Amino acid sequence: MLDIKWIREDRDALKRALMRRGQSEEAAEAVVADVIARDDARRAHIKALQEAQERRNSASKEIGKAKASGDNTRAAELMEEVAKSKAFIQDGEATERELDAALDYALATIPNFPLDDVPQGADEKDNVEHHRHGSPREINWAKEHFELGEGLGLMDFERAAKLAGARFTVLKGNLARLERALGQFMLNLHTTEHGYTEVIPPLMVRDEVMYGTGQLPKFAEDLFKTTDGRWLIPTAEVPLTNLIREEILDEKDLPLRMTALTPCFRSEAGSAGRDTRGMLRQHQFNKVELVSITSADTSIAEHERMLGCAEEVLKRLGLSYRVVTLCTGDMGFGSQKTYDIEVWLPGQKTFREISSCSVCGDFQGRRMNARYRPTGEPKGTRFVHTLNGSGVAVGRALIAVMETYQNEDGSITVPDVLVPLMGGITRLEKA
């Protein structure tokens, strides 16, 4: 959420930010005008309430004086005025809550502003390549992961559909073990070498938690909701970031770095017809998430650090990848700047996203009311800055390993770094 004070002081800055994100000048101006009008209405109402309260207090004092002087007529007039003021104030408090909610809703639907160095663009075609690592493996006879998995008898989409419908997968045997090994490898790397604390968070959360990281109210259709009103998490970013909601931290304790391996649940509402074969785009998938809570002065440097932590996973797995900076039109709602890591898939002969690392500034901190005390400023607080990134998507890492390490006979060589976690198994073969 953006600061209404900042918007009022520089409405053109928000207008420019919205236009950079693809809105027309007229639409951007309408958004700015609407949120300021809502704030004006709220301010005018608060002022009227304050004036009514002051007049009620003043009239209450005058009643005593009128009675003391024997002016009962004046006392009765004042008592009637006080009664009307009291009724106005009682009704006005409810109206104030309504005006607050209307302003908050308007602010909650405005996206974060892009940093100055984010490339301008409309969609993914305008993303800018940052750098590459490794040489993509070219295989003339390469198969895609679902062909390999089904050929080994270890990946079953038909039975998954019987259980849950489309966009689910059943993994079996050593392929299931390979996915488990990948997740364990990532957690071990991030906790022992990268300084992240492992967390096992709830997989269901309340409305205010989804609101805190920006999933609500704008993206409800992308989520799954339980019958008792909770939401299944679309990523561990949601519970990890909200661990410090409504708290005040000390700057000396920052940054906080957390990681979790969790199932993630997404409705994929806008992806009809995309990636329907295989397990690239699922309703349920596993992902290792990285979250950092920082001060305002360190968040940009932390973003580069987080990217390096995610890259290290792919380097040690021996996978080729590239890093792209997302353009303004392709960035997420709450992001100020995002790097995507795209891994090379020999079966598809293309790069596909496997990690997305974003810096959000105080956008989420403001929504969560999460603050910190700057060192040397004992009386002041600031909103925390937050960052999140995939470290990395386990299912997509499995796809990349399968396609990169496939052999012509359909078997899959296990990357060296995973062999100890596989109990010494070096090759996946048909059962």
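User: What makes the eight strands an open sheet, and in which order do they stand?

Analyst: The order is S1-S11-S12-S13-S16-S10-S9-S4, with mixed pairing. Strands are DSSP runs of E, at least two residues, and helices are runs of H or I, at least four, numbered from the N terminus. Strand S1 (128-133) and strand S4 (197-198) stand at the edges, each with a single partner strand, so one side of each has no neighbour in the sheet. This is a predicted model: local features need pLDDT of at least 70, side-chain atom pairs 80 or more, while totals for chains, interfaces and linings use all residues. Residues are numbered from 1 along each chain as its sequence is written, and side-chain values use heavy atoms, without hydrogens and water.

User: How do you know that S9 and S10 pair?

Analyst: Pairing takes at least two DSSP bridges between two strands. S9 (residues 256-265) and S10 (residues 284-294) are joined by 10 and run antiparallel. They therefore count as paired.

User: Why is Gln 282 called buried?

Analyst: Buried means under 20% relative accessible area, exposed over 50%, partly exposed in between (1.4 Å probe, protein chains only). Gln 282 has 5%, so it is buried. Gln 282 lies in the loop between S9 and S10.

User: What makes Gln 282 and Thr 169 a polar contact?

Analyst: The term needs a pair of N or O atoms within 3.5 Å; within protein, one must be able to donate a hydrogen and the other to accept it, and residues adjacent in sequence count only if both atoms are side-chain atoms. The side chains of Gln 282 and Thr 169 are joined at 2.5 Å. The side chain of Gln 282 also reaches the backbone oxygen of Gly 278 at 3.4 Å.
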